[in-house]
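User: I would like to go through the labels used for this model and see what each one rests on. Please set the values against the cut-offs.

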Amino acid sequence: MSIPLISFVVAFPLLLALQLRNAELAAVRARMSHAARHDPVTNALNGTAFAAAMTHYVDRRRKIATDAGGIMIAVVVETFDTVSRRYGPQWADTVMQSLAEIIKSSIRSGDLVARLATNELGIFLPGATPENAQDIGARIRRRVEQAAFETAEAPLDLKIKLGGALFEGTEDFNRIRQLADEMAFDGTTEDGEPMAIARLPAA
């Protein structure tokens, strides 16, 4: 056996092992990155990643002189604490998991979903019109009403509040979220509309 062939035979298992090790490390890094950006219960983005994604979108669109606005929707589970106290935190988690899946199936490709609080999910609709947002809000409400949230004892009383904040260009995430929350809790809807939407005033 020639020396080059012997070298190859010896080195090949080592190179293969190194490649497998690198692939394992890459997979671990990917899992860690995903865990750092996502809520473990709903697998939606966490608040920090959601805010960063919205800011990145606005900055990128602004640099190419394109409309950088959008709408953020707050989805608040009004009966979250009641479910948690009566049936336990595992059922509250189940409610949030199911609601996140309903929302993901109701939005457009490219829209973002995040868990912003124990009882609140947020949706970012880049470039959306109020009509787009109302359509999505209507789908979410309809699918929540159709979903079967039941324990062994009784059906769960699931009530949600929706509110939207329309913004244009670069805005502070906390201002956007605050307005969306205000619309969810205090906004007035027109007849037949699933939620109140307000335009964020200039700073």
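User: What makes the approach of the N46 side chain to the backbone oxygen of A36 a polar contact?

Analyst: This is a predicted model. In it, a polar atom of the N46 side chain lies 2.8 Å from the backbone oxygen of A36. The cut-off for a pair of N or O atoms is 3.5 Å, so the distance of 2.8 Å qualifies. The N46 side chain also reaches the backbone nitrogen of A49, at 2.8 Å.

User: Why is N46 called buried?

Analyst: Its relative accessibility is 18%. Buried means under 20%, so N46 counts as buried. N46 sits in strand β1, residues 45-46. Not counting residues up to four places away in sequence, N46 touches A36, R37, H38, D39, A114 and R115.

User: D39 is among those residues. Is D39 buried or exposed, and how do you know?

Analyst: D39 has a relative accessible area of 13%, which is under the 20% limit, so D39 is buried. D39 lies in the loop between α1 (3-37) and β1. The side chains of D39 and T42 are joined by a polar contact of 2.8 Å. Beyond its neighbours within four places in sequence, D39 is in contact with A44, L45, N46 and R115.

User: What does the pair of Y57 and F124 tie together?

Analyst: Y57 lies in helix α2 (residues 47-63) and F124 in strand β4 (residues 120-126), so the pair ties together parts that are 67 residues apart in sequence. Y57 is buried at a relative accessible area of 12%, and F124 is buried at 1% relative accessibility.

User: Why is the pair F124 and F167 called stacked?

Analyst: The ring centres of F124 and F167 are 6.0 Å apart and the planes are at 25 degrees. Planes under 30 degrees apart count as stacked, so the pair is stacked. F167 belongs to strand β5 (residues 160-167) and F124 to strand β4, 43 residues apart, and the pair links distant parts of the chain. Both residues are buried. Y57, F124 and F167 form one aromatic cluster.

User: Which elements make up the chain as a whole, and what share of it is buried?

Analyst: The chain has six helices and six strands, in the order α-β-α-β-α-α-β-β-α-β-α-β. Buried residues make up 38% of the 203 residues. Of the contacts with a separation of 6 or more, 69% join residues 24 or more positions apart.

Key: Residues numbered from 1 in each chain as written. Predicted model: local features only at pLDDT ≥ 70, side-chain atom pairs only at ≥ 80, totals over all residues. Heavy atoms only, no water. Helix = DSSP H or I, 4+ residues; strand = E, 2+ residues; numbered from the N terminus. Buried < 20%, exposed > 50% of the residue type's maximum accessible area, 1.4 Å probe, protein only. Phe/Tyr/Trp six-rings, centres within 6.5 Å; stacked < 30°, edge-to-face > 60°. Polar contact = N/O pair within 3.5 Å; in protein donor to acceptor, adjacent residues only side chain to side chain. Contact = heavy atoms within 4.5 Å.
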